[in-house]
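The notes below follow the order in which I went through them.

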Amino acid sequence: MKKSIVLLALFVIANLSAQQRPKLVVGIVVDQMKMEYLYRFSDDFSPNGFKRLMNNGYVFQNMHYNYMPTYTAPGHASIYTGTTPSTHGIVGNEWFSRELGKEMYCTDDAGVKTVGDGTVEEGAMSPKNLQSTTITDEVRMATNFQGKVIGMSLKDRGAILPAGHFANWAFWYSKTGAFISSTFYGEKLPEWVTQFNNEKHYMPYINKGWNLYKPAATYNESLADNNPYEGKLYGSAAPVFPYDLKTMYEKNNDAGIIRATPYGNDLLAEFAMKAIEKEELGKDNITDFLTVSFSSTDYVGHLLGPRSMELQDTYLRLDQTIADFLTYLDKSVGKDNYLLFLTADHAGAENVIYLKDRKYNVDNYPSKDVKKSLQDFSIKTFGVDVVLNYSNFNLYFNKQIINDKGLELMKIKQAFKEFLISQPQVKRVYTEEEILANSGNDYYLNFVAKGYDVTQDGDIVIVDKPGDIEYSTTGTSHGTPYSYDTHVPAIFFGWHIKKGESYNKKAITEIAPTIAQKIKVTFPNGTEAKVLEEILDEKKDEKK
């Protein structure tokens, strides 16, 4: 009897020792988050949100994107595949398709239908355009499809791309106020999602409106309310607190108005905690993976800019949301049982007029104006408009017209290159041939090449000068290879993560393969497999 007990104890100990994976991996992406926000707003953060992650986790202070364009869809895809658009194929949020003769959206899938209370267009989405596997896919396969993977975001692309090809579910927000999905994942929403939607969790946020979270004096890291660099929120008379969300909702009949408020993040966190509870994520020893992408930061940033009180308020509220979420994970999964990472899909530029007003010689150049100048140049030079499309810094030529007119494509490329280089906002111009022949010696060309898919991108790619921006005069945008768009947070926290920080430059594509090695699963199939050794070797010095 005693021998049997001893053998059983040894068996249990051996199995515990063999437990190489956490019960739950949580990936958090904060849309358009600059690393600088962790510094700028630090004095006003609570000790239990961002500060808890930074003080008790491992912080990569110098994490960057290594390609352009730095947009949401490529960012999410790159984080979770461990590779860049040249390999995973998500070259923009949308891009021009020569095959279709029109713009296509990153997660468009006409072969699937909306599941839930959303429009036909909102739900016709899947990961079919993503060409590489994700770390979430590899977790599914490593657990023989027993571990669950669930992705969620206000944005469809922020939910679908991180969740990968084999996810149990991906959920995104509809203008109806419901979280929806598509038939790619299932024919009917889980009962708990339907119940959550029926409870209309968005309405209390709309009814209370948006006012400052803390006393106005707290916001001394931001410009004054209603400054000239802010846009307007859903038809508001001016960008001024408080915002009457109820009136906006009734006027627009659109529950999507909370996207551009901090409450979009709060609603998503509520939904995430409900998913953990109802799907029993992290309740057994088979690793589950939850991806959560907070999108409201991006909506607020685009509309109101990085120096607005609204953006600071959004981050102060997100700090508390994350604190509450961590507390929930501690209780539901256990402090030592979950591995969490937090990063961003891209950062964002300063408002160009704000910089210009302070005598920095930069300007904004709306994409439609750039396209018009290209068309005018074409007609003047060749007697015909050979510009098929200009988007995402990519110029596509109409090869049918070029052939019909007996023009030479290489001469056209050279002429456009010389014209573009003469434009005040342009730093570099690269042809398809130059991109594909990249030797690695040109710093900017490396970014372009890693973001370039020869089957989907244009004949010429343009890199604007630092500070110049293809956008309107208010708010901000992103997309360039410059540090203001590439420098993002990267924090690992929880299961087998030591406290520490690194100041060495790292690439966003190192996150997925690092997790793969950390939890002992196969690398995503497109990754270059370069890893963040600092959090793999727990015996290394903490500061690097």
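Handedness first: a crossing is left-handed if the near helix is turned anticlockwise from the far one by less than a right angle, and right-handed if clockwise. I note that the model is predicted.

**Helices α16 and α18.** By that rule, I have the crossing of α16 and α18 as right-handed. I took α16 as residues 367-382 and α18 as residues 409-421. Their axes lie 11 Å apart, and the packing angle is about 125 degrees. That angle makes α16 oblique to α18, because 65 to 115 degrees counts as roughly perpendicular and over 145 as roughly antiparallel. For the residues that meet, I listed S373, L374, F377, S378 and F382 from α16, against I412, A415, F416, F419 and L420 from α18.

**Helix α12.** I checked the length of α12, residues 263-278. At 1.5 Å a residue, its 16 residues should span 22 Å, and I find the end C-alpha atoms 22 Å apart, so the two agree. I then looked up burial in α12: the buried residues include Y263, L267, L268, F271 and I276. Also buried there are G264, N265, D266, A269, A272 and A275. Just after α12, I noted a positive phi of about 55 degrees at E280.

**Residue T72.** I placed T72 in helix α4, residues 72-81.

Methods. Residues numbered from 1 in each chain as written. Predicted model: local features only at pLDDT ≥ 70, side-chain atom pairs only at ≥ 80, totals over all residues. Heavy atoms only, no water. Helix = DSSP H or I, 4+ residues; strand = E, 2+ residues; numbered from the N terminus. Expected span 1.5 Å × (residues − 1). Buried < 20%, exposed > 50% of the residue type's maximum accessible area, 1.4 Å probe, protein only. Axes fitted to C-alpha atoms, helices over the stretch in contact; angles between N-to-C directions. Parallel < 35°, antiparallel > 145°, perpendicular 65-115°, else oblique. Contact = heavy atoms within 4.5 Å.
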